[in-house]
Amino acid sequence: MAALQARPWTARQVGFFKPLLFIVCLYPVIRWLWLGFHGALTANPPEFLIRSSGIWALVALCLTLAVTPLRRYLGQPALLRCRRMLGLFTFFYSALHVLGWAYWERGLSPPAMWDDIVQRPFIAIGVLAMVPMLAQAVTSTRGWMSRLGARWHTLHRAIYPIAILSVWHFWLIRAGKNDFAEVYAYGAVLGLLLLARLVPLEGRSGSRP
Amino acid sequence: MAKVRIPAVPASQITPEEVWRERRSWLKRSGLAAAGLGLMGLGAGRAVAAPAAGGVEPAEAGKLWNAARNPDFDLSDALTSERDVTTYNNYYEFGTGKADPARHGGALKTEPWTVSVEGEVARPGTFDLDDLLRLAPLEERVYRLRCVEAWSMVIPWLGYPLASLIRKVEPTGDAKFVEFTTVTQPEAMPGLRSRIIDWPYVEALRMDEAMHPLSLLVFGVYGKPLPSANGAPLRVAVPWKYGFKSGKSIVKIRFTREQPLTSWMKVAPQEYGFYANVNPDVPHPRWSQATERRIGAGVFAPREKTLPFNGYAEQVASLYKGMDLRRDF
């Protein structure tokens, strides 16, 4: 590890980098607006926006779950300072995805939304992933961290089942069309990020120069 | 864009009489009081559509593709824009993205083009595109298209009744179904590399469905030859069924005794039935079919109610008398 962690970044250095990351994370929104102004949201803008927000939620989830492995393998613990922001972006794109479904697919009608949830497993699984994520977003503040204490960590570890549910949700959507390439790609990345947490670091460090 | 030579055809070879007769009986069946008006409209359409004998000038080509709209098959719905009709397509041979068919379609080779007619027919054989174009006069018909994915369009197709071709090849008494096979051109169709569907794409209709006056053999759209994305150089359009039932870029038409195993039934029989009639009461396992999004209506336009048989119930519901359409979806 020594070669990789020549000089750990300070909190200030990461703090300088954070606004840039924030703007990068807004790229999907900027892109949607740009496409919207140019009439390029495809012939079916609602479908495009629902799918696009879902995909970007997965991307943000991958980035969020990459923080811990990166901290370990790069030897940069200060990267922790980006994790909450990335997690909130995951929630942000997931929430837009759900709102898109609620508005464009179900006309914001609660009974119609409920019907969809109970009739369609992939919707139910998506909602199942969304509920704990909402709780995580609400409790992401410093105040809630101290109020919840150890239970905060338990609640926020729900991100692992959320990741699995998200890929399952995506898989069920593509199952009907037998079109799994993207599902496998995101599943593989998330799987690796979860596995990376299980590998003991000491065992690996010996093999590195 | 495919350049289609316009055949020089004596009016006598156009054999519209069958079409007329079919329409007359259909008008009677559907009880349209405006039958006389409809026949007048057909007359006008034919006069424009029939190419003059002798010349294959570009001007004549213009006439062919500018066939008059048949007033019996017009709709008050606003047409979906030509851009949306030709750039938002499901044609998985070109890729699963809606823009893929328009993006890759240019590479499709449509000249020469032949359609082989096989199976339970007295006159099997191979037709080239010119044979087919001269078989009956083209007319414009405005049809709703309802995709199984719950979006819809309103499209001005150019074609003639599929029945005209079917009569020409004389199906035997054993012909119960008609199967349509879509072309496979690996060099033009990157989607063929995926295993989503067991290529080639195969769709089929029951004989009475294929013979129905609404079933159209389509050669053009928006007054032009079909672009590849819409199924160049010829496809079918069966407006009361979900879009996937209407095969594109057809190279083979086979008449069978048994119900063919169609492509989407092979992929997911619990999701896609043989009949696939538009039915707001039978949801797809992954979404409701009760409403649809009209393409081009605007980002914040509300969804529209889906109509039984896509609004063509009056004309086609009788084909399914006595059938449980919840089971035979």
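The model is predicted, so local features need pLDDT of at least 70 and side-chain atom pairs count only at pLDDT 80 or more, while totals for chains, interfaces and linings use all residues. Residues are numbered from 1 along each chain as its sequence is written, and chains are lettered from A and ligands numbered from 1 in the order in which they are written.

## Chain A and a pair of its helices

Chain A has 11 helices and 0 strands. Its C-alpha trace spans about 55 × 40 × 35 Å along the principal axes. A residue counts as buried if 20 or more other C-beta atoms lie within 10 Å of its own, as exposed if 12 or fewer do, and as partly exposed in between, with C-beta atoms placed from the backbone. By that rule, 25% of the 209 residues of chain A are buried.

Two residues are in contact if their C-beta atoms, placed from the backbone, lie within 7 Å. Among contacts in chain A between residues at least 6 apart in sequence, 68% join residues at least 24 apart.

How do α4(A) and α6(A) lie to each other? The axes of helix α4 (residues 83-105) and helix α6 (residues 121-138) of chain A come within 10 Å and cross at roughly 135°. Here axes are lines fitted to C-alpha atoms, for helices over the stretch in contact, and angles run from 0 to 180 degrees between N-to-C directions. Angles under 35 degrees count as roughly parallel, over 145 as roughly antiparallel, 65 to 115 as roughly perpendicular and the rest as oblique. The two helices α4(A) and α6(A) are therefore oblique to each other.

From α4(A), the contact is made by Gly87(A), Leu88(A), Phe91(A), Ser94(A) and Val98(A), and from α6(A) by Met130(A), Met133(A), Gln136(A) and Ala137(A). These residues divide into 6 nonpolar, 3 polar and no charged. In this sorting, Ala, Val, Leu, Ile, Met, Phe, Trp, Tyr, Cys and Pro count as nonpolar, Asp, Glu, Lys and Arg as charged, and the others, Gly among them, as polar.

## Where the chains meet

The contact between the chains takes 12 residues from chain A and 18 residues from chain B. On the side of chain A that touches chain B, the residues divide into 4 nonpolar, 5 polar and 3 charged.

## Nonpolar cores

A nonpolar core is a set of buried Ala, Val, Leu, Ile, Met, Phe, Trp, Tyr and Cys residues joined through C-beta atoms within 7 Å. The largest has 74 residues, and Trp157(B), Leu162(B) and Val236(B) are among those with the most contacts inside it. Strand β4 (residues 151-161) of chain B gives the most to this core, with 6 residues. Apart from it lies another core, of 29 residues, including Leu86(A), Met133(A), Leu165(A) and Phe170(A).

Leu162(B) is also one of the buried residues of helix α7 (residues 162-169) of chain B, together with Ala163(B), Ser164(B), Leu165(B) and Ile166(B). Setting aside neighbours within four places in sequence, Val236(B) is in contact with Leu162(B), Phe180(B) and Leu217(B), among others.

## Backbone details worth a look

| Residue | Phi |
|---|---|
| Leu108(A) | near 60° |
| Tyr222(B) | near 55° |
| Glu170(B) | near 55° |

Leu108(A) lies in the loop between α4 and α5 (110-119) of chain A and counts as exposed, with 11 C-beta neighbours inside 10 Å. Tyr222(B), by contrast, is buried, with 20 other C-beta atoms within 10 Å. Glu170(B) follows α7(B).

Chain B also holds cis peptide bonds. One joins Trp199(B) and Pro200(B), with omega about 0°, and Pro200(B) is found in the loop between β5 (177-182) and β6 (202-206). Another joins Ala232(B) and Pro233(B), with omega about -5°, and Pro233(B) lies in the loop between β8 (224-225) and β9 (235-237).

Terms used. Helices (H or I, at least four residues) and strands (E, at least two) are DSSP runs, numbered from the N terminus.
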